Amino acid sequence: MSVDSFLSLLQDDKAELISKAYEKKERIYEKIVTFSRNIFVPVTHQCRNRCGYCSFVSDDSNSWITPDRLEYILMKAKNAQCDEVLFTLGEKPEEKYPSAREFLALYGYDSTVEYVIEFCNMALEEKLLPHSKIK
Ligand code: SF4
């Protein structure tokens, strides 16, 4: 299907688009369902924002996962035969909380993004695929 016909169906006939997608899925994958066992790591609940719908965010300065704690979590994930690690966190908490800046500095980082990149590298060293919600 060309991009133009896809966009046209998306605008004009979503039911047909869904039907075509389903037909293609059935043709290629039949009834196969796949999943990847993963572990969820809330790096910190602190966030510079306060989106009205968010139930994740918190002011808790003790909500940070330390590198030592992550090592333990990764070991548990390996023992549970996980393949992936999902890192979730608020957006740039260091811009709002002095405690976040202090926590990051304690481990030698200027930003949460750098901190999470290191967490991703730690996951890769354990042969776990990292997913991050870095904003
Ligand atoms: S964690 Fe995400 S959704 Fe929640 S307040 Fe921060 S930016 Fe908004």
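Mentor: Let us begin with a term: helices (H or I, at least four residues) and strands (E, at least two) are DSSP runs, numbered from the N terminus. On that basis the protein chain has five helices and three strands, which are arranged along the sequence in the pattern α-α-β-α-β-α-α-β. The radius of gyration, taken over C-alpha atoms, is 20 Å, well over the 14 Å that the globule rule (2.2 Å times the number of residues to the power 0.38) gives for 135 residues, so the protein chain is more spread out than a compact globule.

This is a predicted model, in which local features need pLDDT of at least 70 and side-chain atom pairs count only at pLDDT 80 or more, while totals for chains, interfaces and linings use all residues. Residues are numbered from 1 along each chain as its sequence is written.

Now to the ligand, which is surrounded by Cys47, Asn49, Arg50, Cys51, Cys54, Phe56, Val57, Gly90 and Glu91, where a residue counts as near a molecule if its C-beta atom, placed from the backbone, lies within 6 Å of it. This shell divides into five nonpolar, two polar and two charged residues; Ala, Val, Leu, Ile, Met, Phe, Trp, Tyr, Cys and Pro count as nonpolar, Asp, Glu, Lys and Arg as charged, and the others, Gly among them, as polar.

For the wider setting, the domain assignment, which is automatic or from a database, gives domain 1 (1-33) and domain 2 (38-132), and the centres of these two domains, taken over C-alpha atoms, are separated by 37 Å. Along its principal axes, the C-alpha trace of the protein chain spans about 55 × 35 × 25 Å.
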